[in-house]
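Please look at the structure on the screen while I take you through it.

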Amino acid sequence: MLTNILSIALGAILINNFIFSQFLGCCPFLGCSSKVDTATGMGLAVVFVMGLASAICWVVDTYILVPLGLDFLETLAFILVIAALVQFVEMFLKKMVPSLYTALGIYLPLITTNCAVLGVVLLNVQNHYNFIESVVYGITGGLGFMLAIVLFASVRERIQFADYPECFEGFPICLVSAGLLALAFMGFSGMQIFG
Amino acid sequence: MKKILKLTFILFLICAVTAGILGGVNELTYRRIDEQNRIKTVKAYSSVLPADAYDEIDFAAAGVPETINKVTIDKISKAANGSGYVVESTFSGAQGSITMACGVDNNLRCTGISIIKHSETSGLGANAASSSEVGVNFRAQFVGQDGGIALKKSGGEIDALSGATITSTAVTKAVAVAIEAVGMLG
Amino acid sequence: MNIKKQFKEGLITNNPVLVQLIGMCATMAITTTLFNGVGMGLSVLIILTCCNVVVSALRKIIPNEIRLAIFVVIIAGFVTIVDLLLQAFIPALSEALGVFIPLIVVNCIIIGRAEAFCQKNTVGASFFDGIFQGLGYTCVLIIMCVVRELLGSGRFGGGLIDIANGFRFTLDGTGGGIQIFPADYGASILNLPFGGFLTLGTLIAVMQYALKKAAKKKELAEKAAAEAAEKEVED
């Protein structure tokens with residue numbers, strides 16, 4: 001059990017990193033990575049929402065959709081759960097933990113359309129994970145996203161001083177450097193715990 | 001308050017209509033989807049060990065463990081014509097899990113493999129499942145191998161796919177496990 | 001709104017991927033064979049067109065406060081329909097694209113067009129917007145696939161074209177494609193995630209270069225025209 005969970009965690013953070021190997025969540029990855037601070041905020045918000053969404057969607061799927069034979073409604077139900085969850089978390093934080101709200105608040109609405117979140121709940125169903133595995137996959141997937149976005153933001157802060165062809169200005173040079181990071185992450189593939 | 005109720009009502013209505021339409025589409029398609037999945041499994045089975053029918057056996061009762069050497073055995077089926085068994089197993093490749101059907105004859109030799117599901121890198125590991133020449137040649141190597149099967153670099157006879165050592169190792173290991181499992185059946 | 005202008009916007013000047021820079025996840029993830037690219041592109045085109053039509057038809061009824069929620073429900077509905085149909089009729093494609101079919105729900109292209117275009121325009125205009133934006137997306141996917149497949153594995157049309165028994169198109173993803181040079185000579189790195197980032201980055205760079213050059217040319221032409229006009233006045 002523990003080995004299983006550890007290998008899910010290792011897989012989600014390094015080997016099958018959401019950004020660099022599965023391309024889930026590229027839009028916020030490129031949009032929110034110009035500064036390390038912003039990237040950390042976004043990363044934390046994603047870890048939080050992905051963990052919660054994995055837990056809730058697992059319950060919805062196992063106890064409502066599957067027993068009723070409504071599993072074709074999964075996509076629809078999951079996206080509604082995520083949208084409602086994001087709204088709820090936003091309201092909750094605003095009232096109860098204002099300091100965390102000021103830190104994460106502006107990133108929360110962006111998360112609804114982050115495909116990493118919908119991706120992780122769909123993958124949980126596809127991989128037949130149980131409750132604990134789903135939550136672990138959600139949280140570690142989020143951590144992998146955070147690792148990627150923070151690393152990339154620090155690279156990006158230095159790109160400003162680099163010399164590159166004029167037409168690569170903006171997004172293209174970011175994509176190329178993200179590609180190089182992805183190549184570095186390739187080195188983790190084939191790594192196995194207690195293998 | 002009245003406004004919130006109205007908004008909730010509209011949202012609910014749209015959700016209900018959408019769910020209704022989806023229910024209809026599902027009703028029209030689910031039989032075909034089941035049929036497609038069945039055809040796919042039958043195709044995979046008959047490509048590794050030709051037979052008219054396959055009877056699933058309760059391998060746990062026969063003393064075969066569910067997991068051998070990190071390869072999970074999903075199903076073992078006996079060919080109705082008595083030529084051998086098909087082992088369906090799931091194991092991890094380079095990118096995600098791979099599901100494979102492996103035919104084993106009564107002399108404990110592999111009669112062929114077919115990859116049912118995988119998420120390996122296209123152009124590298126995915127070649128193990130592809131119908132291109134590279135893929136066909138890779139899979140053909142497994143025919144006739146016995147329990148001592150191994151990659152060339154480990155002293156065996158199997159040529160790894162270029163650029164996909166991890167996938168090749170995983171597939172080879174799963175074939176060895178399939179043979180071992182059938183051996184346990186006796 | 002004229003159709004010709006919409007066509008040019010969708011394909012070039014306001015291309016969803018290359019200019020608006022949205023919907024990049026799937027663009028980089030699935031463009032490894034032509035089969036995937038064409039399949040994904042057409043799926044998005046169909047879903048986008050349907051959503052555009054429905055959203056613009058309902059635009060007067062949808063309350064402003066909950067419009068995003070309603071858009072998402074409509075989009076998720078169409079995505080699920082396409083997903084089920086693919087599973088039933090083209091299972092190979094549904095398998096190759098995997099989780100990226102349901103993920104079309106959060107593809108910013110569709111919700112972006114609903115928000116930016118269909119809310120303000122008629123059903124007809126939204127229909128053509130869907131077709132042309134979808135075509136723009138499909139074209140980018142196809143270019144990515146062709147480049148990555150050719151340079152990566154020396155092949156063209158993997159999964160879609162089968163030449164083993166004469167030239168034919170296959171829908172079950174089994175076509176081996178046309179081998180242009182031996183796969184061993186290809187830069188197989190382009191098949192890896194790195195190839196996705198690199199190819200898309202380069203494509204956007206080429207697009208920026210071309211747009212900039214076109215703008216400069218236009219500016220020069222205008223300047224020349226202005227000078228000529230001035231000269232005439234002086235004369």
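Predicted model: local features only at pLDDT ≥ 70, side-chain atom pairs only at ≥ 80, totals over all residues.

Let me begin with the helix contact. Helix 1 of chain B, residues 2-48, meets helix 4 of chain C, residues 67-89, with the two axes coming within 8 Å and crossing at roughly 10 degrees. Because angles under 35 degrees count as roughly parallel, helix 1 of chain B is described as roughly parallel to helix 4 of chain C. The residues of this contact comprise 16 nonpolar, 7 polar and 1 charged.

The largest cavity has a volume of about 140 Å³. Its lining consists of 17 residues, and those closest to the centre are A:Cys115, C:Cys25, C:Leu103, C:Val106 and C:Asn107. With 3 residues, helix 2 of chain C gives the most. In terms of class, the lining of the largest cavity holds 12 nonpolar, 5 polar and no charged residues.

The second largest cavity contains about 60 Å³ of space. Residues from chains A, B and C line this cavity, including A:Phe20, A:Met186, B:Gln95 and C:Pro193. Helix 9 of chain A, residues 171-186, supplies the largest share of the lining, 3 residues. Here the classes are 6 nonpolar, 3 polar and no charged residues.

Finally, the charged pairs. Side chains of opposite charge can pair when their charged atoms come close. Over all chains, the count is 9 salt bridges. Which residue forms a salt bridge with B:Lys3? The partner is C:Glu65, and the closest N and O atoms are 2.4 Å apart. B:Lys3 lies in helix 1 of chain B, whereas C:Glu65 sits in the loop between helix 3 (34-57) and helix 4 of chain C, so the pair joins two chains. C:Glu65 is partly exposed, at a relative accessible area of 48%.

Within helix 1 of chain B, B:Glu27 and B:Arg31 are 4 residues apart, about one turn of the helix. They form a salt bridge whose closest N and O atoms are 3.9 Å apart. B:Glu27 is partly exposed at 45% relative accessibility, and B:Arg31 is exposed at 53%.

In chain C, C:Arg155 forms a salt bridge with C:Glu149, with 3.4 Å between the closest N and O atoms. C:Arg155 counts as buried at 14% relative accessibility, and C:Glu149 counts as buried at 1%.

Notes
Residues numbered from 1 in each chain as written. Chains lettered and ligands numbered in written order. Heavy atoms only, no water. Axes fitted to C-alpha atoms, helices over the stretch in contact; angles between N-to-C directions. Parallel < 35°, antiparallel > 145°, perpendicular 65-115°, else oblique. Nonpolar A, V, L, I, M, F, W, Y, C, P; charged D, E, K, R; others polar. 1 Å grid on protein atoms, 1.4 Å probe; cavity = no way out; pocket = protein on both sides within 12 Å on 5 of 7 lines; lining within 4 Å. Points joined across faces, edges and corners; volume = space filled by probe spheres on them. Salt bridge = Lys/Arg side-chain N within 4 Å of Asp/Glu carboxyl O. Buried < 20%, exposed > 50% of the residue type's maximum accessible area, 1.4 Å probe, protein only.
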